[in-house]
Amino acid sequence: MSEEKKAAGATPAKATLVDHPLVQHKLTIMRNKETSTASFRRLLREISLLLCYEVTRDLELTTTRIETPLVPMEAPTLEGKKLVFASVLRAGNGLLEGMLDLVPAARVAHIGLYRDHDTLEAVEYYFKAPQDLGDRLVIVVDPMLATANSAIAAVDRLKRRGATNLRFLCLLAAPEGIKRFNAAHPDVPIFTAAIDSHLNDKGYIVPGLGDAGDRMYGTK
Ligand code: PRP
Ligand code: URA
């Protein structure tokens, strides 16, 4: 894992890059346009386990008294209330499933957003989240951070519902999106498996992997 600070105009773009070789290898297969829908979904689930490991690396621990078959011991256990994973629909669900494999007790929020194809603005169509967001770490998951309109809208919404401790986890990020997200939510760290070159004139990440939702669900 490495901390990337790329100069982009006056504001530095800041994100943590998860550069584990297994993540990078799987991501390359996902980028390939010949990769099937079934393989794309499987790889996204596999990568999400590795990304979840990194985004939760510094969670605080406390101890609890247990008895092993040999002796009593003070053993480490996660401190605080259970995590919330907030999935930005549709494609966020591809990351969510693997993360729930790793943290099955996590609570889940769903935020339905789609990008208007002309304006690239995020349009909300669904929101459901646990009540007590203010007491929990909320990890927002969406494979793609392009213009950042969706990520900014998702975090705005969660903050309006009381969330104060958030992280954003994605697979691919554009430098433009990182910079805009940093400016809108400087308190929310970004974790990503890759920072690509740029956005094209339709707001797609280049080189990217195409439309994540369409590739996951075979809708194009
Ligand atoms: C994709 C992706 C993000 C968003 C990123 O979703 O999953 O949510 O685009 O783009 P942005 O950073 O420019 O907002 P999309 O709107 O295609 O919806 P879908 O997941 O339902 O296909
Ligand atoms: N959403 C996607 O799914 N892909 C992109 O490249 C940009 C936004």
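Reader: Before we start, how do you know which parts to trust and how to count?

Author: This is a predicted model, where local features need pLDDT of at least 70, side-chain atom pairs count only at pLDDT 80 or more, and totals for chains, interfaces and linings use all residues. Residues are numbered from 1 along each chain as its sequence is written, chains are lettered from A and ligands numbered from 1 in the order in which they are written, and side-chain values use heavy atoms, with hydrogens and water left out.

Reader: What makes a residue part of the surroundings of ligand 2?

Author: A residue is near a molecule if one of its heavy atoms lies within 4 Å of it. Around ligand 2 you find Arg115, Met144, Ala146, Gly203, Tyr204, Ile205, Gly210, Asp211 and Ala212. By class, that's 5 nonpolar, 2 polar and 2 charged residues. (Ala, Val, Leu, Ile, Met, Phe, Trp, Tyr, Cys and Pro count as nonpolar, Asp, Glu, Lys and Arg as charged, and the others, Gly among them, as polar.)

Reader: Which polar backbone atoms lie 2.8 Å from ligand 2, and why do they count as polar contacts?

Author: A polar contact is a pair of N or O atoms within 3.5 Å; within protein, one must be able to donate a hydrogen and the other to accept it, and residues adjacent in sequence count only if both atoms are side-chain atoms. A polar backbone atom of Ile205 is 2.8 Å from an oxygen of ligand 2, and a backbone N or O atom of Ala212 also lies 2.8 Å from a ligand 2 oxygen. For Gly210, a polar backbone atom is 2.8 Å from a nitrogen of ligand 2. Each distance is within 3.5 Å, so these pairs qualify. On its own, ligand 2 has 230 Å² of accessible area, and the protein covers 90% of that (Shrake-Rupley method, 1.4 Å probe; for residues, only the protein chains shown count as cover).

Reader: Where does ligand 2 sit, and what makes that a pocket?

Author: Ligand 2 sits in the largest pocket. On a 1 Å grid over the protein atoms alone, a pocket is an open set of points with protein on both sides within 12 Å along at least five of seven lines. "Sits in" means that more than half of a molecule's atoms lie within 2 Å of the grid points.

Reader: How many residues surround ligand 1, and which are the closest?

Author: There are 17, and the closest are Arg115, Asp142, Thr147, Ala148 and Ser150. The shell divides into 9 nonpolar, 4 polar and 4 charged residues.

Reader: How do you know which atoms make polar contacts with ligand 1?

Author: Check the distances again. A polar side-chain atom of Thr147 lies 2.5 Å from an oxygen of ligand 1, and an N or O atom in the side chain of Ser150 is 2.5 Å from a ligand 1 oxygen. From the backbone, a polar atom of Ala146 is 2.9 Å from an oxygen of ligand 1. Taken alone, ligand 1 exposes 500 Å², and the protein buries 92% of that. The elements giving two or more residues to its shell are β5 (84-89), β6 (107-115), β9 (144-145) and α4 (149-160), with β6 giving the most, 3 residues. (Helices, H or I of at least four residues, and strands, E of at least two, are DSSP runs numbered from the N terminus.)

Reader: Why is Ala148 called buried?

Author: Buried means under 20% relative accessible area, exposed over 50%, and partly exposed in between (1.4 Å probe, protein chains only). Ala148 comes in at 3%, so it counts as buried. Ala148 is in the loop between β9 and α4, and its phi is near 80 degrees, a positive value in a residue other than glycine.

Reader: What makes Leu120 and Thr56 buried?

Author: Leu120 has 17% relative accessibility, so it's buried; it lies in the loop between β6 and β7 (122-128), with a positive phi near 65 degrees. Thr56 is also at 17%, so it's buried, and it belongs to the loop between α2 (37-55) and β3 (61-67). A polar side-chain atom of Thr56 lies 2.7 Å from the backbone oxygen of Cys52, and the Thr56 side chain reaches the backbone oxygen of Tyr53 at 3.4 Å.

Reader: Which residues does a cis peptide bond join?

Author: One joins Leu89 and Arg90, with omega about -5 degrees. Another joins Val206 and Pro207, with omega about 0 degrees.

Note on methods. 1 Å grid on protein atoms, 1.4 Å probe; cavity = no way out; pocket = protein on both sides within 12 Å on 5 of 7 lines; lining within 4 Å.
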